[in-house]
Amino acid sequence: MNTITDLQKTLQRIDRKGYKAYKSITGSYRADFYTLFIDHVQGDPFAAPSRIRAVIPQKHAGFPADTFAGRSREIALRDFLTRRFSEAAHTITAHNKSAGKSGRIGIDSPGQEILERSSAWINDREVELRITLGLPAFGRTIDGQLAQKMIMDQLPRILYAVLFRNLNSGAVYRHVETAEDADALRGMLQRENLIGFVASGAILPRRSGIDDRPMSPTNAIPFEPPQQLARTFSLPNGGEIRGMGIPRGVTLIVGGGYHGKSTLLRALERGVYNHIPGDGREFVITDRQAVKIRAEDGRRIEKTGIDPFISNLPRGIDTHRFSSDDASGSTSQAANIIEALEAGASALLIDEDTSATNFMIRDHRMQELVAKNREPITPFIDKVRQLYTQYGVSTILVIGGSGDYFDVADTVIRMDEYRPEDVTEQAQQIARKYRLQRSAEGGESFGPINHRVPLPGSLDPSRGNKAVKVAPRGLKTIQFGREDIDLNGIDQLVDTSQTRAIGESLVYLKRYMHDHLTVKELLDRLEDDIRESGIDCITPGKPGDLAEIRGVDVAAALNRLRSLRIAS
């Protein structure tokens with residue numbers, strides 16, 4: 001193996017040469033306390049940065065075994081290392097000046113959530129960090145002196161900053177213990193027949209629509225559970241924790257405008273992930289398979305069985321295997337629900353503000369004017385109870401415009417100036433006092449959920465002379481071969497590295513599609529492989545920019561691929 005001194009000599013030799021001469025530094029180099037692997041060298045200073053790895057033996061890294069014992073702590077420590085490396089790299093390389101995207105040392109950039117990432121790995125032998133390096137240039141000429149400074153001086157300083165002895169050990173343990181406690185609490189939900197939990201003292205509001213950090217404590221009202229829904233749990237590290245438990249079944253969140261209904265739902269949407277200490281939502285916990293549902297005008301639908309909600313369409317259009325290139329609001333919301341159920345959703349999270357009105361309710365007067373045999377839509381109000389009794393799928397619904405839902409609710413939470421109240425009994429009394437005049441239109445059962453088989457030929461990730469061209473375009477778009485997948489209807493994505501991982505997962509799934517597997521069977525294969533081999537398994541080359549994904553979100557992207565075809 002070469003030494004870091006050999007690399008320095010090479011950089012001196014190629015200084016001021018054409019940028020492509022950087023290709024000669026590809027390889028591995030032994031340094032004082034780490035080994036550097038230069039895996040991919042960018043071809044141009046304006047191209048994506050070069051990919052490198054630094055591997056630090058534990059005799060130098062020094063992380064105690066209990067900081068990464070168990071999956072929860074391991075994922076959290078990898079997240080912590082990524083954050084600290086990113087902070088140090090930003091500080092140390094801030095004043096580097098170079099052409100294009102070069103002159104920077106970087107790593108994946110986490111937000112408020114603690115996600116499994118491919119940017120950092122740790123075991124009892126070593127720590128591996130996967131780094132981006134913008135090799136510096138004057139125009140398209142190599143800046144060998146700055147390259148030497150970055151690799152010989154700045155990179156070791158950044159790596160030195162993330163050795164355990166140079167970290168705040170208290171912060172390390174708070175990070176991994178918070179994640180471990182959150183995972184333990186999420187595991188308790190199922191046993192206690194809960195779909196969600198919001199801790200006493202949680203700060204739910206965010207600073208703004210583009211700043212996901214918590215609102216200042218001087219402006220935010222800490223969450224306090226109503227006595228009737230208060231639950232107490234014992235955490236592995238944090239001791240007793242008290243908060244509001246949301247029972248499985250049908251839960252309504254009601255209240256006046258601007259009183260915190262949607263804020264609570266958004267916190268529960270993000271509760272499928274763990275959060276960093278100080279976020280305010282560390283112990284807002286939701287079942288991992290809870291899925292946010294909304295209307296989505298214009299999306300494509302491919303042979304989805306929407307007949308539990310929509311049937312008897314004009315001209316005899318088949319709703320048992322319904323297809324559309326431009327779905328309406330109600331049709332798209334029906335398809336989103338059925339596809340989530342097909343993928344294994346345990347709960348639906350719905351806000352009336354992002355729903356199709358005619359999908360949610362059809363009142364007595366409209367039933368009188370338009371007879372059921374002339375209306376193909378069965379509203380959600382007539383299916384939500386069946387969905388729970390027949391399939392065990394819960395619903396948490398924000399609603400402020402229709403008290404008719406009181407008749408189908410198990411729990412009703414009223415938000416009053418961001419303070420929750422359990423008004424279930426009061427809502428039931430109102431329901432008994434004012435009997436519904438509308439007729440139930442849902443029939444005797446919810447109906448079957450079809451399990452579809454995707455055709456492998458309909459997933460083509462090639463573009464031009466590249467067999468695979470898959471990349472995120474921001475958080476909500478995936479370039480997949482010759483087309484873009486629009487993910488704007490998927491509200492629970494939080495990181496572009498998740499978007500990238502979803503795109504790579506679609507390519508990965510093609511290997512199983514020749515077995516004529518259903519969507520759910522494909523997702524099970526994917527999740528089993530990731531659980532067994534780590535998220536690296538979905539793509540070759542050891543990239544450092546993948547983050548954890550849920551099967552339900554991979555399915556949502558698959559269903560929005562306009563080239564998708566389903567077996568007849």
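Helices (H or I, at least four residues) and strands (E, at least two) are DSSP runs, numbered from the N terminus. Strand β8 (residues 126–133) holds V127.

This is a predicted model, in which local features need pLDDT of at least 70, side-chain atom pairs count only at pLDDT 80 or more, and totals for chains, interfaces and linings use all residues. Residues are numbered from 1 along each chain as its sequence is written, and side-chain values use heavy atoms, with hydrogens and water left out.

V127 is buried, with a relative accessible area of 3%. Not counting residues up to four places away in sequence, V127 touches A54, V55, I56, Q58, A61, F63, L81, W121 and I122. Contact here means heavy atoms within 4.5 Å. L81 is 46 residues from V127 along the chain, and their C-alpha atoms are separated by 9.6 Å.

N450 sits in a loop, between α11 (424–433) and β26 (470–472). N450 is buried too, with a relative accessible area of 19%. N450 is in contact with G305, H320 and E342, leaving aside its neighbours within four places in sequence. From N450 to R321 the distance is 8.5 Å, C-alpha to C-alpha, while 129 residues part them in sequence.

## Positive phi angles

K303 is not a glycine, yet it has a positive phi of about 50°. K303 belongs to strand β20 (residues 301–304). K303 is partly exposed, with a relative accessible area of 21%.

H516 is not a glycine either, and its phi is positive, at about 60°. H516 lies in the loop between α12 (496–513) and α13 (519–533). H516 is exposed, with a relative accessible area of 64%.

## Helix packing

Two packed helices are described by the angle between their axes and the distance between the axes. Axes are lines fitted to C-alpha atoms, for helices over the stretch in contact, and angles run from 0 to 180 degrees between N-to-C directions.

| Helix pair | Angle | Axis distance |
|---|---|---|
| α3 (residues 71–92) and α5 (residues 169–191) | about 140° | 8 Å |
| α3 and α4 (residues 144–161) | about 145° | 9 Å |
| α12 and α13 | roughly 115° | within 10 Å |

Start with α3 and α5, which pack at an angle of about 140°. That angle makes α3 oblique to α5. Angles under 35 degrees count as roughly parallel, over 145 as roughly antiparallel, 65 to 115 as roughly perpendicular and the rest as oblique. The crossing of α3 past α5 is right-handed. A crossing is right-handed if the near helix is turned clockwise from the far one by less than a right angle, and left-handed if anticlockwise. From α3 come S72, R73, A76, L77, D79, F80 and R83, which meet A171, V172, Y173, H175, V176, E177, A179, E180 and D183 in α5. By class, this contact has eight nonpolar, two polar and six charged residues. Ala, Val, Leu, Ile, Met, Phe, Trp, Tyr, Cys and Pro count as nonpolar, Asp, Glu, Lys and Arg as charged, and the others, Gly among them, as polar.

Helix α3 also passes α4 in a right-handed crossing. F85, A88, A89 and I92 in α3 meet Q154, L155, R157, I158, L159 and A161 in α4. The contact of α3 with α4 has eight nonpolar, one polar and one charged residues.

Next come α12 and α13, which are roughly perpendicular to each other. Their crossing is right-handed. On the α12 side, S505, Y508, L509, Y512 and M513 make the contact; on the α13 side, L522, R525, L526 and D529 do. These residues divide into six nonpolar, one polar and two charged.

## Nonpolar cores

A nonpolar core is a set of buried Ala, Val, Leu, Ile, Met, Phe, Trp, Tyr and Cys residues joined through side-chain atoms within 4.5 Å. Which residues have the most contacts inside the largest nonpolar core? They are L252, F309, L348, F380, Y405 and F480, in a core of 81 residues. Helix α12 gives the largest share of this core, eight residues.

F380 is in contact with F309, I337, L348, I350, F359, M360, T395 and Y405, leaving aside its neighbours within four places in sequence. Another core lies apart from the largest one; it has 57 residues, among them L133, I158, A179 and I276.

Terms used:
Buried < 20%, exposed > 50% of the residue type's maximum accessible area, 1.4 Å probe, protein only.
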